[in-house]
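Colleague: I'm new to reading models like this one. Please take me through it slowly, and spell out the terms as we go.

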Amino acid sequence: PSLICFFFFLLHIWISFSAFMSKNSLTFLLFGVVLFLLVFTFFRIGQPRVLSVEEMKVNGFIKYGTSNKLRDFSLEDHFGAKFSQQSLKDKKLNLLYFGYTTCPSECPVMMSVMRQVYDKIDTNNIAYYLITFDPEIDTQQRLKSYVTAFNKNFVGVSGTKSEISKLGFQLGINKLDPEIDHNSQRIIEHTNHLVVVGNDSKIIGVFRPPFDSNSMSLVIKSLLRSN
């Protein structure tokens, strides 16, 4: 509607001054108006749309009605720097995934999906984190090698078991004690969700499996516009 009103406003101006302008001037004016409208229309079409809560749900994202703010926590990223609430302020959106480097299936799949999402969204306003559930095995260097193999900008986070569990509990992420399966692989069962947290430390919502990078990118672009 606003675009139509703007068009008629320009048309009114054109008619008002048509008596004082030459034929060539009117042609150039009309051409300019049409060109502007075309450029503006394509610009609007190219902008991501803000999705409704139901549309987000269809695309695998559960948006929280009331955003809960995280209580402070103290962990460490793979650079050796403190990772806390303050760390979340640097980016508009923070994508937090809990897993571990020796995970045989769910974690590498999720990390690959996160890489695809990163490639689909042209912005520096999103941070991507893997928070390990296995700090005894996942040393700083091991975490760094693992996450940067998927994307050089991904960050691994570790810390004490109590601090990791405290943050996981706030985000609705649960884990079980390590077990050994029949293939002698180290298995830690955990909630397979990707949590989205804003730069105000409020939990915006979660992505649940099955994960699709196209659907996730659509939702994230919407969240970037609306938050």
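Modeller: Let's start with a definition: helices (H or I, at least four residues) and strands (E, at least two) are DSSP runs, numbered from the N terminus. This is a predicted model, so local features need pLDDT of at least 70 and side-chain atom pairs count only at pLDDT 80 or more, while totals for chains, interfaces and linings use all residues. Residues are numbered from 1 along each chain as its sequence is written, and side-chain values use heavy atoms, with hydrogens and water left out.

Colleague: Where is Ile121 found?

Modeller: Look for helix α4, which covers 106-120, and then for strand β5. Ile121 is found in the loop between α4 and β5.

Colleague: Is Ile121 buried or exposed?

Modeller: The scale is relative accessible area: buried means under 20%, exposed over 50%, and partly exposed in between, using a 1.4 Å probe and protein chains only. Ile121 has 7% relative accessibility, so this residue counts as buried.

Colleague: Which residues is Ile121 in contact with, leaving aside its neighbours within four places in sequence?

Modeller: Contact means heavy atoms within 4.5 Å. With neighbours within four places set aside, the contacts of Ile121 are Ile126, Ser217, Ile220, Lys221 and Leu224.

Colleague: Ser217 is on that list. Which helix is Ser217 found in?

Modeller: Ser217 has 4% relative accessibility, which means that it counts as buried. Beyond four places in sequence, Ser217 touches Val117, Lys120 and Ile121. Its helix, residues 213-226, is α7.

Colleague: How far does α7 reach from its first C-alpha to its last?

Modeller: The expected span of a helix is 1.5 Å times one less than its number of residues. α7 has 14 residues, and 20 Å is expected. The model comes close to that, with a reach of 20 Å.

Colleague: And which residues of α7 are buried?

Modeller: A handy background point is that an α-helix has 3.6 residues a turn, so residues three or four places apart point the same way. The buried residues of α7 are Ser213, Ser215, Met216, Ser217, Val219, Ile220, Ser222, Leu223 and Leu224.

Colleague: What share of the 227 residues in the chain is buried?

Modeller: The chain has 7 helices and 10 strands. Of its 227 residues, the buried share is 40%.

Colleague: Where does pLDDT stay under 50?

Modeller: pLDDT is the predictor's confidence in each residue, from 0 to 100. The chain has a mean of 85, and 77% of its residues reach 70 or more. Where pLDDT is low, the predicted coordinates should not be read in detail. The stretch that stays under 50 is residues 39-47.
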